[in-house]
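Subject: Structure handover and charged pairs

Hello,

Here is the structure for your files. Please open it before you read on.

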Amino acid sequence: MAITKCKKILLQNHVSRAVSSLPDFLIPAFHTLPPSTTRSFSASARHASRVGSAPIALPPDVHLRLLEPPQRKGGVTRVEPSKTLEVEGPLGKAAVQLPPFVSYTVNHTTRKAQLDVLDRKVRGQREMWGTTRSYLQNHILGVSEGHTAILRLVGVGYRATVEPTAITVKPEYPGQQFVSLKVGYSHPVELGVPLGVKASTPLPTRILLEGIDKEVVNSFAAIIREWRKPEPYKGKGIFVNDETIKLKAKKIK
């Protein structure tokens, strides 16, 4: 301990001697502010998130049911299995995986559901608290109203159609439809619509995707967008929902 203090004193003396020999305009750069006066990256005060504790409104035709995990055969495991919360509505069913430390309650009078965790002081539980609540909210909205994604095809000759069959892609399930894109390639671009997603083209330059699972709908929209990402010089490409792009000035040689 004494040796460490001596090293610190010698280092401070060395730094003070070096600073005293520097020009006046370089001296402020070698002085450090005390921790209490250092500036933070953000000027706003730190507040904990309240997403997980916010109640979720349940529509009248949406019901929740907790499915207990199946009993494991052949021994006892140290890891507690996660529970499954089934969400049923007029458009179908969806399931949310609840971590072992997350519990839920439903007030049938006010038609509101609320999630809670075992220990709010544990960081991992707080993080999954808000994440699980967001997943449950998305599934409730999906089985009651549904999720949509609108894609806009911007470009000369860009077209899209929904076909019952495809030439270059084999169907993954019976009755699968395919989105056919004409976006400037010499070969046909055919993409299979995922199970649970409905695709339609109200206009030749518009693609409407509908489904219960928000993640599946947006993932398929991202796959379609990959074939023609919006470019910043002519503004051409496939845009998802309200996506915009800032145009750049043309390069003049």
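Below are notes on the salt bridges and on one histidine.

First, the ground rules. This is a predicted model, where local features need pLDDT of at least 70 and side-chain atom pairs count only at pLDDT 80 or more, while totals for chains, interfaces and linings use all residues. Residues are numbered from 1 along each chain as its sequence is written, and side-chain values use heavy atoms, with hydrogens and water left out.

Salt bridges

Side chains of opposite charge can pair when their charged atoms come close. A salt bridge here is a side-chain nitrogen of Lys or Arg within 4 Å of a carboxyl oxygen of Asp or Glu. That rule gives five salt bridges.

Arg65 and Glu86. Their closest N and O atoms are 2.6 Å apart. Arg65 sits in strand 2 (residues 63-67) and Glu86 in strand 3 (residues 83-89), so the bridge ties together parts 21 residues apart in sequence. Helices (H or I, at least four residues) and strands (E, at least two) are DSSP runs, numbered from the N terminus. For accessibility, buried means under 20% relative accessible area, exposed means over 50%, and partly exposed lies in between (1.4 Å probe, protein chains only). Arg65 is partly exposed at 46%. Glu86 is buried at 13%.

Glu127 and Arg123. The closest N and O atoms of this salt bridge are 3.1 Å apart. Both residues belong to helix 2 (residues 123-144), four residues apart, which puts about one helical turn between them. Glu127 is partly exposed, with a relative accessible area of 44%. Arg123 is exposed at 60%.

Glu243 and Arg225. Their side chains form a salt bridge at 2.8 Å, N to O. Glu243 lies in the segment after strand 13 (237-240), and Arg225 lies in helix 3 (residues 214-225), so this pair ties together parts 18 residues apart in sequence. Glu243 is partly exposed at 22%. Arg225 is partly exposed at 23%.

The histidine

Is His139 buried or exposed? His139 counts as buried, at 12% relative accessibility. His139 lies in helix 2. What does His139 touch, leaving aside residues up to four places away in sequence? The list is Val87, Ala94, Ala95, Val96 and Asp213. Contact means heavy atoms within 4.5 Å.

Best regards
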